[in-house]
Amino acid sequence: MTLLHPAILLGLGLAAIPVILHLLLRQKPKKLLFPALRLIQNRRKQNVRRMRIRHLLLLLLRMAVIALFVFAIARPSVPAADYSPSLRETLTFLGIVAAAIAAYYGLSHLWRTSDMPAHVVQTRRSQLRGRLVAAAVLLTLLAVMWPYQRRVAAELKSPTPASDISLPVAGVFLFDTSLSMEYQQESKTRLDVAKEIALTHLSDLPGGSRVAVADVGNDHPILFQSTLAGAKTRIEALELRPVRIPMNDRIRACVRLHEDDRKRTMAEQGAVAEDQRTDRYLRRVYVLTDMSRSAWRVGGTSRLAEELERLKSVNLFLIDVGESNPPNTAITDAAPLRPRVTSGSEVFIRSTITGVGRGEEEQIVELLLDEGTGRLLKADQKSIPLADDAPQIVEFGPIPINGGPIVHGQVQLVSSDPLPFDDVRYFTLQVRAPIRILTVAAKLEDADEWNLALESERYAPKTIRPDRLPETDLSNYEVVCLINVPSLPDEDWFKLGQFVQRGGGLGVFLGSRDTGFAVNYARDEPQAFLPGKPLVHSSPGLQFIRVTNEQHPMMQAMAEEDLIGLLESIDVMRYWKVEPTEGAAVITEYDDDSHTPALLERTHGDGRVMMFTTAVDLKGYQREWNLFPSPSGPVFTFIAFADELVRHLAQDSDVLLTYDAGEQPVLRLEPSDEPQSFLLQQPEFRQARLTLPAGETLLRIPDADVIGAYVLKEQSDGGETVSGFSVNAPSGESDFTRVSVEELDGIIGEGRYQLAESIGELQENINIADLGRELFPLILAVVVLIFCGEHFLANWFYEDEPGTLPGKVSWQAKSPESRPQSVLEAT
């Protein structure tokens, strides 16, 4: 225990005042003539003894009042801990008090209703009070105070603080500047409230204090400001940012700043012995946040807790400026089903809407598109029922697309709510010419069904025989399909390998029993890039395809159209057994005993190769290979399979044009022999110049953190639009799930932080951290109880015996036999 003002304890001498007054004002007894009755004399002796005890108790109570007043003004404090009694301790104490009161009144009532004389009843009641009080005190000490002190002692993590409150403060204000802090209540964002608390506390810091200001929007080094005025300016200039660094990491940076600064401060005291050097600052970290769980890295390492445990001189204060269960409606996702489409095609846009704290209500959501004109026009609108914690999927479309080459769009709520940023979601899709496809078939008719499926999706494939492959310029195509081609010379395989290595896509379909597959495809030249080596075709027998890689882009696209079940229901009677090559991935397999691969993929250079081990032509059906391309088979599944396979080979499925803030956008462009210069038009009317080196195809966009649509143009007068993308806030910013105390204990360490919700609670927590928990309120409560006890005891002196008149004696005997003999003789 420490005392803030120990000199005031000299005032304990004032406790002698009641003793002095008692001795000076004590009245001398008067001698009065009274009948010398032995019974009355005995009664008088008992009363005198009891009154002496009462006088002594009253004197002690009055001395205790003065002593406790002096002690309270000295402001004693104890180490920070949970000194409030637990529920069990409170109930135990109340049970003891209730039992004592019930015993007293129960026995008193029993005695009063008996034939016992009144003076005997009074004597027993007096003895009963003393014994019950003693028993209650003893039980309270054993059943309440003993467990209480053991619990509190176990919670004390450090000795009583001995900080000098006159020292200046070295404080770091860490602000949560994530977009969830934009939530408005009473026309103030959570960041505005955090700024007000910080500025108010900043003005109360003692002279000579030093302050650093940091936020979670960047990982810039944290430095102390040269003046408090500079810190104030820095706080006022803080803005919300769509990117953030986990709160754990930024707090660790604040702690390291204090550690380095403390070492520097101690080193400056070179003339003082090392064991006598002291820090010249009270060190604090203030974290102002809405307590959203998404701002913390939960369940990771405990390095922050270990550092705070090592640096006990640094006190951490969490200031909660968030709202409990805030109502909000958010658009958490919006994206086209296909990010790259052909001109004149139709697109579908899928969006996810969530609501919290709104109850059941209708929400109007609208789709806006900019097809290269620079203006957003409404393309569709939906009205959806929305319930709490029940996300709704909204699908817009089909929407015809005729503009390009870049189409920007956004899905937005018609109505507004307290959190504006998640009322709109941006997306971008690319419009391109149809994929250029070359089909190579051993017999031209073998490609009829495959080409027909592609043409139904607006492709225009060209078909040739294998002997024309040497004279064909493959750079004019993006995808090459080999259908039932049993063999090729090494020169053609080399040409196809170069085509794939430069970024092309190659599809290989094994739908013939020609033994050339097992011989020609096993040579070194094709095995350098093929995903599988054919071994032998299977014997006739019914098998089915099973998807083994559901996360593959091609399978995900088919799953969105609910076609996986149909794909797995296709009858396959014959197929080639292949051995996957090194680096190949199996996407689907047959349900035979060997789990033979059905669809395989392998990357080679910048391109990819896929192999399907059964037929894709109608003659394959007639030759009893499968029912896939047959009229009686799942036609829509076959068309979707062909479409998604070609798109994947052309790398259309890899196109990513919608990003979250914090991710680096990467755009694939056509290479050039000369460096290419571009102009990036950003939201908020900003621009940036970018350069793509000669021969490169990937342009990486730095610092794309502003939410909205971006357009990439050639850097020239009237430069054409080349590409574009959109940036959204991470969907987790709309999640107001609060981090729990248990999670904070695991991240920061139990007892290593103080939590406040207002400037008053913050100041109280600071006092506890610097001085310990003050006993002033507790001592005053004890003083009030002693005052009550003193008042009760003082009035107890003048309590009349039951059934008597002042100055008279009555025995209240119920029968003559119960009266003393002297009284009977008198009557």
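Visitor: Why is glutamate 268 called exposed?
Guide: Its relative accessibility is 52%, and the term exposed is kept for values over 50%, with buried meaning under 20% and partly exposed lying in between (1.4 Å probe, protein chains only), so glutamate 268 counts as exposed. This is a predicted model, in which local features need pLDDT of at least 70 and side-chain atom pairs count only at pLDDT 80 or more, while totals for chains, interfaces and linings use all residues. Residues are numbered from 1 along each chain as its sequence is written, and side-chain values use heavy atoms, with hydrogens and water left out.

Visitor: What makes the contact between arginine 280 and glutamate 268 a salt bridge?
Guide: Their side chains meet at 3.0 Å, N to O, and the term requires a side-chain nitrogen of Lys or Arg within 4 Å of a carboxyl oxygen of Asp or Glu, so the pair qualifies. Arginine 280, with a relative accessible area of 36%, is partly exposed.

Visitor: What can be said of arginine 283 and aspartate 261?
Guide: The side chains of arginine 283 and aspartate 261 also form a salt bridge, at 2.9 Å from N to O. Arginine 283 belongs to strand β7 (residues 282-289) and aspartate 261 to helix α7 (residues 247-267), so this pair joins parts that are 22 residues apart in sequence. Arginine 283 and aspartate 261 are both buried.

Visitor: Why is the pair of tyrosine 104 and tyrosine 105 given its particular ring geometry, and how many aromatic pairs are there?
Guide: The count comes to 17 aromatic pairs. For tyrosine 104 and tyrosine 105 the ring centres are 5.2 Å apart and the planes stand at 80 degrees; rings of Phe, Tyr and Trp (its six-membered ring) pair if their centres lie within 6.5 Å, and planes under 30 degrees apart count as stacked, over 60 as edge-to-face and the rest as tilted, so this pair is edge-to-face. Tyrosine 104 is buried at 12% relative accessibility, whereas tyrosine 105 is exposed at 55%.

Visitor: What places arginine 210 over the ring of phenylalanine 224?
Guide: Arginine 210 lies over the face of phenylalanine 224, at 4.4 Å from the ring centre, and a charge sits over a ring if NZ of Lys or CZ of Arg is within 6 Å of the ring centre and within 35 degrees of the ring normal.

How values were computed. Helix = DSSP H or I, 4+ residues; strand = E, 2+ residues; numbered from the N terminus.
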